[in-house]
Amino acid sequence: MSLLESENISKAFGGIHALDTCSIIVEEGTITGLIGPNGSGKTTLFNIITGYERSDTGIVRFNGHTITNSTPDKVFRLGIGRTFQLTRIFPRMTVLENMHVAAQRQGTRALLSRWSSKHEQKRALELLDFVGITQLKDMPAENLSYGQKKLLEFAFILIAEPQVILLDEPAGGINPVMIAQLSERIRTLNKQGVTFLVVEHNMEFVMGLCNTVTVLHRGTKIAEGVPGEVRNNPAVLEAYLGD
Amino acid sequence: MKIIRIALLILLLAAFIAFPLVFSDPAITEVAVFTLFFAAAASGWNIFSGYTGYIALGHAVYFGVGAYAMALLCQDLNIPAGYTPFLLLPVAGLIAAAFAVPLGWIALRTRRHTFVVITIATFFIMQLMAYNLRFITQGSAGLSLPIPFDWSADFFNLPFYYVALAILLLALGTSWWVRNSKYGLGLLAIRDDEDRALGLGVKTGPFKLIAFVLSAFFVGMIGGLHAYFNGSIFPPFAFDALFDVAIALMAFLGGMGTLFGPILGALILVPAQQYLTIISGETGYNLIMYGVLFLVIILLLPQGIIPTLGKMWHKWVARRSIKEIPPAVATTTAQEALVTESTAKKDEVNL
């Protein structure tokens, strides 16, 4: 049984079919790449899986449970974390405060507990260290550079220890050194058992990192397989290079 | 540093406690009582609006409900004048909070401008009801509360001053508690990006509603206390649109979402308003001067006094420690900025 799967998801915005009976599978322990030309429905699929948008038809399954059209907080608490294409952090809070938001798992006990318990504080600092921005911990997050914001978003997802992480263009707009570091971090986490689903336009990054790649075109899956195979698939080449 | 802070707070508290004993002129203590009323109400309002960023302009509803609850409780339970009515304040607050549950639930289904408009609408609905539900409110004839005739003119303001101070401390303590809890962190996250917060497991709906109800509780208690202080209530004064604007302005001036901002705002604006009223007499010029004063403040301190001072302090510290920034950090950031631009452009396919 696969960890995360979407089955025949369709979604239309007005007359535009963003997704058309789209089925993808993410096996546990993999780094799965999700690629496709602009407008092929990758982000829409992310939004539907994580509860930010409702699908018109189809089913999303996670760990065997149906989570179709669930709400974002429920999806996250089940163990699916995500980042956004346009990084979304909390600009007016400090980096450290940002780290603690995602550790909201106590529900009603939240009112009675300090946000900076020793254990969580330590964990937050460890993760900031892991992505390499510890020195910025007391800065308002809005002062961070674009790349640093991406790292922060990645780090605060990790604090809740999700089983699967959906990354929406993690390498977009950050420098090559940082991209290499990011790949390294993703591999490390993957070895520790975290599953990844990665949307990315940087093919070098995707082909180097992912075990398996799924290609979307016009809202439908047109290919899947190991990177080398997908790269030479005629349907994929046609989708990218145009009609 | 922490010890100095605590010592300063204790000193400040002592000053508040001693104030009406040192300046015992009733004309002055009356201004002090009003200042504390508004400081407590603005602090309560700040727990919701300051932390979540949702600007509620209908908290006069809870002020009015607290006032009417107080009047009706005193009337129906035959409470004599004196200290007993003060004991009913928490009940008045709870009744206001109970009204806030459905009203908040409805209003919080919307965001931003729509939310502001809906809260204003709830205010008008409640004011109209106070006029028209005569069998409860006596309509525009108003209700009267017990008047403590055996308190001398010199003494009269003191009990109200200290009760208001107690409510202010309670509101401030709650505000501090919220700000330092996981819950408060969730509220701040809602202020910055509500959908992102939801996607990190923050239960945004219940979080917002709890804050809304908490703030209504404090405003309701102040409404009840104000009613007892005045001795009578009428719909336009219990449900007063100026009250909505006043507490919001105080929080804006002092600094939204800061612990002491609303109190600072009240400490400046209430005495200023009262003073301007006295020196201009019946002419109404006081409102114009008040407006001008306000525009000047907004122009010079758009974020409020406390955040502006905080920023100036940070800048000053940063300028002093500029040499201490490790060179590695500085270069990566610069390098990165360059790369960001170039990669953003070629963000196309290179299969």
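In this predicted model, strand E7 (residues 164-168) of chain A runs parallel to strand E8 (residues 195-199) of chain A, and five bridges join the two. Within this pairing, A:Ile165 has A:Phe196 of E8(A) opposite it. E7(A) also pairs with E6(A), again in the parallel sense, over three bridges. There, A:Leu166 of E7(A) is the bridge partner of A:Arg82.

Five of the five residues of the strand are buried, so E7(A) is largely enclosed by the rest of the structure. In a regular strand the side chains alternate between the two faces of the sheet. In E7(A) both faces are covered: A:Val164, A:Leu166 and A:Asp168 are buried on one side, and A:Ile165 and A:Leu167 are buried on the other.

These pairings belong to an open sheet of six strands in chain A, with the order E6-E7-E8-E3-E9-E10 and mixed pairing. Strand E6 (80-82) and strand E10 (220-225) of chain A each have a single partner strand and therefore stand at the edges, with one side of each left without a neighbour in the sheet. From one strand to the next, the twist averages 20°. Helix H1 (residues 42-49) of chain A packs on this sheet, where it touches strand E3 (31-35), E6, E7, E8 and strand E9 (212-217) of chain A. The direction of H1 makes about 145° with that of E7(A). Another helix of chain A, H9 (residues 234-241), lies across E9 and E10 and runs at about 130° to E10(A).

A:Val26 has its place in strand E2 (residues 16-26) of chain A. Although A:Val26 and A:Val164 are 138 residues apart in sequence, their C-alpha atoms are 9.3 Å apart in space. Neighbours within four places in sequence aside, the contacts of A:Val26 include A:Val164, A:Thr195 and A:Leu197, together with A:Thr32 and residues such as A:Ser2 and A:Leu3.

Confidence in chain A bears on how these details are read. The mean pLDDT of the chain is 84, and 93% of its residues reach 70 or more. Confidence in chain A is highest in E8(A), at 91, and lowest in H9(A), at a mean of 80. Where pLDDT is low, the predicted coordinates should not be read in detail.

Chain B has a secondary structure of 16 helices and two strands. Its C-alpha trace spans about 85 × 45 × 40 Å along the principal axes. Of the 351 residues in chain B, 42% count as buried. Among contacts in chain B between residues at least 6 apart in sequence, 80% join residues at least 24 apart.

The largest nonpolar core has 167 residues, and those with the most contacts inside it are B:Phe38, B:Ala40, B:Ala41, B:Ala96 and B:Ala164. Helix H10 (residues 204-230) of chain B supplies the largest share of this core, 15 residues. Residues up to four places away in sequence not being counted, B:Ala164 touches B:Val33, B:Leu36, B:Phe37, B:Ala40 and B:Leu225.

Key: Residues are numbered from 1 along each chain as its sequence is written. Chains are lettered from A and ligands numbered from 1 in the order in which they are written. Two strands pair if DSSP finds at least two bridges between them. Helices (H or I, at least four residues) and strands (E, at least two) are DSSP runs, numbered from the N terminus. Axes are lines fitted to C-alpha atoms, for helices over the stretch in contact, and angles run from 0 to 180 degrees between N-to-C directions. Two residues are in contact if their C-beta atoms, placed from the backbone, lie within 7 Å. A residue is buried if 20 or more other C-beta atoms lie within 10 Å of its own, exposed if 12 or fewer, and partly exposed in between; C-beta atoms are placed from the backbone. A nonpolar core is a set of buried Ala, Val, Leu, Ile, Met, Phe, Trp, Tyr and Cys residues joined through C-beta atoms within 7 Å. pLDDT is the predictor's confidence in each residue, from 0 to 100.
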